[in-house]
Amino acid sequence: MILLISDLHLESKRLDIVQAFLHFLETHASKAEALYILGDFFEVWIGDDAMDSFERDIAQALRALSLKGTKIYLMHGNRDFLIGHAFCRQAGCTLLPDPTVIELQNQRILLMHGDSLCTQDEAYMRLRRWLRNPFSRWALSALPLTTRRKLARKLRNESKMQTRQKAMDITDVTPAEVEHVLRENKAHILIHGHTHRPAIHSFELDGHPARRIVLGDWDRYGWALTINGESMTQDRFELAT
Ligand code: LP5
């Protein structure tokens, strides 16, 4: 059995989510062969050198799970694309490129965070190109921590303001891009997060049944997709109060 989650946006201000995640690790994830975290695991990540006790405790919890035998795979999201090898080493997890194809039951399954599929969101696509550019990453990483924190806060505030004003279809994935990535990766199943619109979409791709499974974000509820043999089910659970 494997588990997939995304968009937990872990931060010290949301201890309800942290508690639910720790509980999820102990109860569900410890029984899984593998746990895939498809991005935006943290609310924001400005570099491994900014790790504090909060992030170290989360890394420790993941390491404890990996020592029990569950393999942990982590993909970057748009908020935590600066997670690096130092965190992964501490957490005992493997960093996955976006996109990644896994094979289960002779099926190729495409895993992505999902932000790169929102191609109609031109303002975000510009920001993404700029932030992911190796030179910008290098320059940002060289800034003092206080400056990085301020920049990240500014970006979050600007993003919240602008996202509220964007039409729903702009902030969702572009169907043509979904078809393109599936064809390019010779897959008929795509699993991603990012849009916070949990669902299982069935459609036809080149005469074959295809599915796009959108993982839910952890906020009012927690979400996890379980793949067990042929079955794929997404469960929603209450966060303890
Ligand atoms: O995150 P979410 O889902 O709410 O919104 C995203 C898009 N927004 C983002 C930005 C992130 O929320 C914040 C990024 C934090 C990164 C941390 C590390 C950064 C490094 C800095 C320090 C080392 O990804 C949002 C999409 C939405 O998904 C749906 O797909 O719409 O995109 C935007 O809102 C982008 C805006 O439209 C354009 C923003 C221009 C900002 C200009 C301000 C510049 C000031 C700072 C310069 C570094």
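This is a predicted model: local features need pLDDT of at least 70, side-chain atom pairs count only at pLDDT 80 or more; totals for chains, interfaces and linings use all residues.
Colleague: What distance separates a polar side-chain atom of Q162 from an oxygen atom of the ligand?

Modeller: A polar contact requires N or O atoms within 3.5 Å, and the pair formed by a polar side-chain atom of Q162 and a ligand oxygen lies at 2.6 Å.

Colleague: What are the corresponding distances to a ligand oxygen atom for K166 and for H194?

Modeller: For K166, a polar side-chain atom lies 2.8 Å from an oxygen atom of the ligand. For H194, the distance from a polar side-chain atom to a ligand oxygen is 2.8 Å.

Colleague: How much of the area that the ligand exposes when taken alone does the protein bury?

Modeller: Taken alone, the ligand exposes 1,100 Å². The share of that area buried by the protein is 88%.

Colleague: Which residues does UniProt list for "binding site"?

Modeller: The annotation comes from an unreviewed UniProt entry. The UniProt list consists of N78, R79, D121, S159, T163, K166 and H194.

Colleague: Is R79 buried or exposed?

Modeller: R79 is found in the loop between β3 (71–75) and α3 (85–91). Leaving aside neighbours within four places in sequence, R79 is in contact with H9, D40, F42, E43, V44, W45 and R156. Its relative accessible area is 14%. The limit for a buried residue is under 20%, so R79 is buried.

Colleague: Where is H194 found, and is H194 buried or exposed?

Modeller: H194 is found in the loop between β7 (189–192) and β8 (199–205). Its relative accessibility is 17%. Because buried means under 20% relative accessible area, H194 counts as buried.

Colleague: Which side chain does a polar contact of 3.2 Å join to that of H194?

Modeller: Not counting residues up to four places away in sequence, H194 touches S6, D7, N78, H113, G114, D115 and C118. The polar contact of 3.2 Å joins the side chain of H194 to that of H113.

Colleague: What is the relative accessibility of H192?

Modeller: H192 has its place in strand β7. Not counting residues up to four places away in sequence, H192 touches L38, M112, H113, G114, L117, V173, R212, I213, V214 and L215. H192 counts as buried, and its relative accessibility is 0%.

Colleague: Is T195 buried or exposed?

Modeller: T195 is found in the loop between β7 and β8. Beyond residues up to four places away in sequence, T195 touches C118, T171, D172, V173 and V214. With a relative accessibility of 9%, T195 counts as buried.

Colleague: What is the value of phi for H196?

Modeller: H196 is found in the loop between β7 and β8. H196 is partly exposed, with a relative accessible area of 32%. Phi is positive in this residue, which is other than glycine, and its value is near 60 degrees.

Colleague: Which residues does a cis peptide bond join?

Modeller: P99 lies in the loop between β4 (94–96) and β5 (100–104). Omega of the cis peptide bond is about 5 degrees, and the residues joined are D98 and P99.

Colleague: What separates the C-alpha atoms of A240 and D16?

Modeller: A240 is found in the segment after β11 (231–238) and, at 61% relative accessibility, counts as exposed. A240 and D16 are 224 residues apart along the chain, and the separation of their C-alpha atoms is 6.6 Å.

Definitions and conventions
Residues are numbered from 1 along each chain as its sequence is written. Side-chain values use heavy atoms; hydrogens and water are left out. A polar contact is a pair of N or O atoms within 3.5 Å; within protein, one must be able to donate a hydrogen and the other to accept it, and residues adjacent in sequence count only if both atoms are side-chain atoms. Accessible areas come from the Shrake-Rupley method with a 1.4 Å probe; for residues, only the protein chains shown count as cover. UniProt positions are given in the numbering used here, feature names are shortened, and annotations may be inferred rather than shown by experiment. Helices (H or I, at least four residues) and strands (E, at least two) are DSSP runs, numbered from the N terminus. Buried means under 20% relative accessible area, exposed over 50%, partly exposed in between (1.4 Å probe, protein chains only). Contact means heavy atoms within 4.5 Å.
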